[in-house]
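Colleague: I am new to this structure and would like to know what stands behind the terms used for it. Please show it, and I will ask as I go.

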Amino acid sequence: MHIQFAELPVFDQDRAKRFYVENLKCEVASDEAMGPPGSWRWIELRLPGAVTTLHFIRRQGEAPSDEPVLVFVDDDVRGTVEALRAKGVEIVTEPAEAPWQPGRTVAEFRDSEGNRMVLGSR
């Protein structure tokens, strides 16, 4: 058993898709029409090596998320933060040891849709 997808709230599907493909190397697992041309689409993105996909849902409200929406695990948190920063991604918190898990490095960033994300080491 596994989780098929995690829902990710977005305003603009194309902008969000571009963000995840260009910045986190996601692959498009599905991009299908759910109605007439120009309507909401069923989009799922897959991180390299992952089984679970990210599925875009309509974001409710204009305010960016106060709390993290997802946690990404990466072998090189500092390197990934620097790569994201170089691409103009907003870094919310710099890499530092997680107070709740000594020895684990965490950082936070915002995606193109205002979602706050955690990036943590294994």
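Colleague: Where does Ser121 lie?

Modeller: Ser121 is in the segment after E8. Keep in mind that this is a predicted model.

Colleague: Why is Ser121 called buried?

Modeller: Buried means under 20% relative accessible area. Ser121 has 13%, so the word applies. Leaving aside residues up to four places away in sequence, Ser121 touches Val73, Asp74, Val77, Gly103, Arg104 and Thr105.

Colleague: Val77 is on that list. Which residues of helix H2 are buried?

Modeller: Helix H2 covers residues 77-86, and Val77, Thr80, Val81 and Leu84 are buried in it.

Colleague: How do you know that the buried residues of H2 line one face of the helix?

Modeller: Viewed down the axis of H2, they fall within an arc of 100 degrees, so they line one face. The background is that an α-helix has 3.6 residues a turn, so residues three or four places apart point the same way.

Colleague: What covers the buried residues of H2?

Modeller: The cover includes helix H1 (13-24) and the strands E6 (91-97), E7 (105-110) and E8 (116-120). Just after H2 comes Gly88, with a positive phi of about 85 degrees.

Colleague: What makes the phi of Lys25 worth a remark?

Modeller: Most residues other than glycine have a negative phi. Lys25 is not a glycine, yet its phi is positive, at about 60 degrees. Lys25 belongs to the loop between H1 and strand E2 (27-33).

Colleague: Is Lys25 buried or exposed?

Modeller: Exposed means over 50% relative accessible area. Lys25 has 59%, so Lys25 is exposed.

Colleague: Why does Thr53 count as buried?

Modeller: The cut-off is under 20%, and the relative accessibility of Thr53 is 1%, so Thr53 counts as buried. Thr53 is found in strand E4, residues 53-58. Without residues up to four places away in sequence, Thr53 touches Gln4, Phe5, Ala6, Ala29, Glu44, Leu45 and Arg46.

Colleague: What makes Trp40 a buried residue?

Modeller: Its relative accessibility is 15%, and the cut-off is under 20%, so Trp40 counts as buried. Trp40 lies in the loop between E2 and strand E3 (41-46). Its contacts, again without residues up to four places away in sequence, are Val10, Phe11, Gln13, Met34, Phe56, Ile57 and Arg58.

Colleague: Now the whole chain. How many helices and strands are there?

Modeller: The protein chain has two helices and eight strands. Along the sequence their order is β-α-β-β-β-β-α-β-β-β.

Colleague: How do you know that the radius of gyration agrees with a compact globule?

Modeller: A compact globule of 122 residues would have a radius of gyration near 14 Å, and the protein chain has 15 Å, which agrees. The C-alpha atoms fill a box of roughly 50 × 35 × 25 Å along the principal axes.

Colleague: What share of the residues is buried?

Modeller: Buried residues make up 39% of the 122. The protein chain exposes about 7300 Å², of which carbon and sulfur atoms supply 52%.

Colleague: How many side chains are positive and how many negative?

Modeller: There are 15 positive and 21 negative side chains, and the centres of the two sets lie 1 Å apart.

Terms used. Residues are numbered from 1 along each chain as its sequence is written. This is a predicted model: local features need pLDDT of at least 70, side-chain atom pairs count only at pLDDT 80 or more; totals for chains, interfaces and linings use all residues. Side-chain values use heavy atoms; hydrogens and water are left out. Helices (H or I, at least four residues) and strands (E, at least two) are DSSP runs, numbered from the N terminus. The radius of gyration is taken over C-alpha atoms; the globule rule is 2.2 Å times the number of residues to the power 0.38. Buried means under 20% relative accessible area, exposed over 50%, partly exposed in between (1.4 Å probe, protein chains only). Accessible areas come from the Shrake-Rupley method with a 1.4 Å probe; for residues, only the protein chains shown count as cover. Lys and Arg count as positive and Asp and Glu as negative; His and the chain ends are not counted. The place of a charge is taken as NZ of Lys, CZ of Arg, CG of Asp or CD of Glu. The arc is that of the directions from the helix axis to the C-beta atoms. Contact means heavy atoms within 4.5 Å.
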